[in-house]
Amino acid sequence: MTLVSNELVFINFYAQWCRFSNLLAPIFEEAATKIKRAFPEPGKVVMAKVDCDRESSIASRFHITKYPTLKVIRNGQPTKREYRGQRSVEAFEEFIRKQLEDPIKEFYDLKELTNLDDKKRMIIGYFDRKDVPEYEMFRRVATNLKDDCQFHVGFGSKLRHWRAFSLAVKNYNSDKALSNDEDETYHGSLNNFDELNVWAQEKCVPLVREITFENAEELTEEGLPFLILFHAPDDVESVKMYKDVVTKTLITEKQNVNFLTADGLKFAHPLHHLGKSPTDLPLIAIDSFRHMYLFPSFHDIHVEGKLESFLKDLYSGKLHREFHYGPDSRNNELPQIVGQIKVPTTPPESTFKKLAPSKNRYTLLRDEL
């Protein structure tokens, strides 16, 4: 009941026997006391804690794999990202205050929307006035997705000539100007939270994401293999080609793999493990969290079915098998070696699994992490 009756619930999942949990406990308690004083109104914010040994079913429900884990629940919905910031009273206070900031910015003229952060997609709403149920539903969705999208709203009759829709998502074109050709209008019910939230989530969280040192831990924790394009920092064209191919041919695989791009200079270490250097960019590789596998040639992404087959070879184990024993024969049996001994090799080890949660900060519950 606490989860759905509060706009924000900040939960500390801990274990009594965990050293890191015990270090965090007094800090979290002090922050909770200060937050309660700062936001006394009911239904606003609650800081809570869960003893995962005593409440194992709750821990399982929230997929707790390490102690302590700090999760945010917005309007009854768990957010995808955990809290991974500094563990101090001041940091917790600042985090809560930012979480409670209004996620929607009001505009009065369309020109105001051209000077925004072009790295995030925008969802724009138009309503006659603020005190309508539809706007409150829009605000709830914006609160849930504020980390992934920019939300903007216009009110009143003076904007009525602008568009004939109530809600739309906007993209930028290559010149960072608003592109009318890329608008997508929401045609569902503005009174149905689940329907609106699903639509907005699909628009806000891109199919292909950029991996950085800041988000690598959370991407790793999703547990899906990485299909990564390593590219030069200024190579916009390769990124566009990769995104186009993934969107057109691999969208059905989004539940099985994370499609990512990576700055090949910042992530030179994985390239080294693959026997490559920044001069070999662009290139594509799979990181399975056990091993890394190199796609033969970046330009083969234009060969129909080639990139899809690369993924399927991962699922079937063929990539691992061929790395050890050479190419499969036509009947998918291991080739017979005559007159020579095939020396087994080892695929490069995963480098991204090393960016997973640190054993120096968490008590990990799964050995593979």
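Reader: Are F10 and Y83 buried or exposed?

Author: Both F10 and Y83 are buried, where buried means under 20% relative accessible area, exposed over 50% and partly exposed in between, with a 1.4 Å probe and protein chains only. A word on the source: this is a predicted model, in which local features need pLDDT of at least 70, side-chain atom pairs count only at pLDDT 80 or more, and totals for chains, interfaces and linings use all residues. Residues are numbered from 1 along each chain as its sequence is written, and side-chain values use heavy atoms, leaving out hydrogens and water.

Reader: How many aromatic pairs does a search of the whole structure find?

Author: A pair of aromatic rings is described by the distance of the centres and the angle of the planes. Rings of Phe, Tyr and Trp (its six-membered ring) pair if their centres lie within 6.5 Å; planes under 30 degrees apart are stacked, over 60 edge-to-face and the rest tilted. The search finds 18 such pairs. F10 and Y83 make an edge-to-face one, at 5.6 Å centre to centre and 70 degrees between the planes. F10 lies in strand β1 (residues 8–14) and Y83 in the loop between β5 (77–78) and α4 (89–99), so the pair ties together parts 73 residues apart in sequence. Helices (H or I, at least four residues) and strands (E, at least two) are DSSP runs, numbered from the N terminus.

Reader: Which aromatic cluster do F10 and Y83 belong to?

Author: F10, F28, Y83, F92 and F95 form one aromatic cluster.

Reader: And what kind of pair do Y135 and F138 form?

Author: A tilted one, with 6.3 Å centre to centre and 55 degrees between the planes. Y135 is buried at 4% relative accessibility, and F138 at 1%.
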